[in-house]
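User: I would like to go through this structure step by step. Please take my questions in turn.

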Amino acid sequence: MKTVIVFASKNGVTKACAEQLQGMLPRGADVTLVQVTKEGSAAAHDAVKTADAVILGGCIRMGRLYRPMREFVASMSQEETGKTVGCFICCGFSDAWERYMDKVFPESTFPSVERGYFGGELKPAKLHGLDKWIVRAVRTSIINEGSRPEDRGLEENARLLPEI
């Protein structure tokens, strides 16, 4: 069985998850990784057309699937979406991953879907521009809030973000 894992990754986290998933599949399995980028997805469409099974993965950014994967999913044909499909997301909000999954990989488009969640990872050194500014603003807000009983976890969050 030929499997293709199609993913989009901005900072490398989703790529690492796709590689981990590839390593978890049975030894000797015919598995190809294809990254969808801002430049296009032609190679991914070609790989999906020749595969028996497809696994799609992307990260959630600002509440939405990362744009290159979102555009790829929107451009998939019925033939492509009708294949055996698994989907995974990387998301920093563990309590909301199923809601995000339903939103970005809906059952109406992918009827035979296995779904999974890899969690998220914040790599401050890899952030640039608006992403870096937002994380700094959140860090400042966390620190300025102090530690009130109703804000449990703020000290822990502030401790995790010192290098930003």
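User: Which residues is Gly-57 in contact with, leaving aside its neighbours within four places in sequence?

Analyst: This is a predicted model, where local features need pLDDT of at least 70, side-chain atom pairs count only at pLDDT 80 or more, and totals for chains, interfaces and linings use all residues. Residues are numbered from 1 along each chain as its sequence is written, and side-chain values use heavy atoms, with hydrogens and water left out. Contact means heavy atoms within 4.5 Å. With neighbours within four places set aside, the contacts of Gly-57 are Val-6, Phe-7, Ala-8, Thr-14, Met-69 and Phe-88.

User: Is Gly-57 buried or exposed, and what is its relative accessible area?

Analyst: Gly-57 lies in strand β3, residues 53-61; strands (E, at least two residues) are DSSP runs, as are helices (H or I, at least four), numbered from the N terminus. Buried means under 20% relative accessible area, exposed over 50%, and partly exposed in between, with a 1.4 Å probe and protein chains only. Eight of the nine residues of β3 are buried, so the strand is largely enclosed by the rest of the structure. Gly-57 is itself buried, its relative accessible area being 0%.

User: How many bridges pair β3 with strand β5?

Analyst: Two strands pair if DSSP finds at least two bridges between them. Ala-53 stands opposite Thr-84 in β5. The pairing of β3 with β5 (residues 84-90) is parallel, and its bridges number seven.

User: Which residue of β3 is the bridge partner of Thr-3?

Analyst: Strand β1 covers residues 2-7, and five of its six residues are buried. β1 pairs with β3 in the parallel sense over five bridges. One of the partners in β3 is Val-54, which faces Val-4. For Thr-3, the partner in β3 is Ala-53.

User: Which residue of β2 stands opposite Thr-3?

Analyst: β1 is also joined to strand β2 (residues 30-35), in parallel, by six bridges. In this pairing, Thr-3 stands opposite Val-31.

User: Which residue in the hairpin of β3 and β4 takes a positive phi?

Analyst: β3 and β4 run antiparallel and are joined by two bridges. Arg-61 has Arg-64 as its bridge partner in β4. The hairpin has two residues between the strands, and the residue with a positive phi, near 55 degrees, is Met-62.
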